Amino acid sequence: MNIDQLFESLSSIPKADLTFWQRIFLRFYRAWFEADRWQSYFKGLGVTLQVTVIALSIGVALGILVAIIRVAHDQQRPGSRSLLLGAVNWVCKIYVTVIRGTPMTVQLLIWGLVIFASSREFNLVGALGLGINSGAYVAEIIRGGLMSLDPGQAEAGRSLGLGYIDTMRFIVIPQAFKAVLPALGNEFIVLLKDTSLLTIIAGKEIVYFAKSIGANTYDYMFPLLITAIMYLCLVLILSWLQSKMEGRLRASDRR
């Protein structure tokens, strides 16, 4: 007897006569196997990963840019401050303060229902909102790493004839990256989990399909439990990759 035949056999039995494990099997079958619903979960998983990559790219690029601007402003010599850099730094501070001071849910609703109210590209709008939110946190993480380095590192680069950008690129940022990797890894994990919020603006990720399946089967327990397990597996994979990268960086420091 295969799993489909077992389901049909148990479905014909009155619910009161079923054992606890038989009822669990029926509920799981309806949430995963019936009508090939497992395909919906993996379709949502694909969207989740796609949104995560887009948002991560936006967040890292924006975070590095904001961090470098703020560090460059703070490291200016007295008496030689740039008004343009000061104005851009002020904009960056406002951006970081507003994004970090307001809930992610509210930000996504503003992006989806106000700024891009006429757009049907819910996933891309969500990815943009997540990326801009993540950029503020990445900026502070990287800025903290850059400011924690000995100023002599940058001075040594300049003494070798390197400009500010080359000094940051070849000397300062590689060293800061090692210091901030754990915090960045945690931020990326949070970003992955925050993709579940896309459902509030009709983004079609895992939670969207889990809610749809729950509405069809009148049973939300197993669709949401399956969703939680899929997110947990993704987080465990990211955590493992992060630990491997940290181990390689520590090994390179000992050489």
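What share of the 255 residues in the chain is buried? Buried residues come to 38% here, and bear in mind that this is a predicted model. The fold is helices through and through: 10 helices and 0 strands.

**Overall shape**
- Walk along from the N terminus and you read α-α-α-α-α-α-α-α-α-α.
- The radius of gyration is 24 Å, whereas a compact globule of 255 residues would be near 18 Å.
- If you want a box for the C-alpha atoms, roughly 85 × 50 × 25 Å along the principal axes will do.

**Contacts**
- Take the contacts with a separation of 6 or more: 71% of them join residues 24 or more positions apart.

**Nonpolar core**
- The largest nonpolar core holds 17 residues, and Ala31, Tyr41, Leu45, Ile206, Ile226 and Met230 have the most contacts inside it.
- At least two residues of this core come from each of α2 (20–32), α3 (38–74), α8 (164–194), α9 (206–217) and α10 (221–254).
- The top contributor is α10, with 6 residues.
- Zoom in on Ile226 and you'll find it touching Phe28, Ala31, Trp32 and Tyr41, leaving aside residues up to four places away in sequence.
- Two of those partners, Ala31 and Tyr41, are also on the list of core residues with the most contacts.

**Surface and charge**
- About 14,700 Å² of the chain is accessible surface, and carbon and sulfur atoms account for 65% of that.
- On the charge side, there are 24 positive and 17 negative charges, and their mean positions sit 5 Å apart.

Conventions. Residues numbered from 1 in each chain as written. Predicted model: local features only at pLDDT ≥ 70, side-chain atom pairs only at ≥ 80, totals over all residues. Heavy atoms only, no water. Helix = DSSP H or I, 4+ residues; strand = E, 2+ residues; numbered from the N terminus. Rg over C-alpha atoms; globule rule 2.2 N^0.38 Å. Buried < 20%, exposed > 50% of the residue type's maximum accessible area, 1.4 Å probe, protein only. Contact = heavy atoms within 4.5 Å. Areas by Shrake-Rupley, 256 points an atom, 1.4 Å probe, with all protein chains shown as cover. Lys, Arg positive; Asp, Glu negative; His and termini not counted. Charge placed at Lys NZ, Arg CZ, Asp CG, Glu CD. Core = buried A, V, L, I, M, F, W, Y, C linked by side-chain atoms within 4.5 Å.
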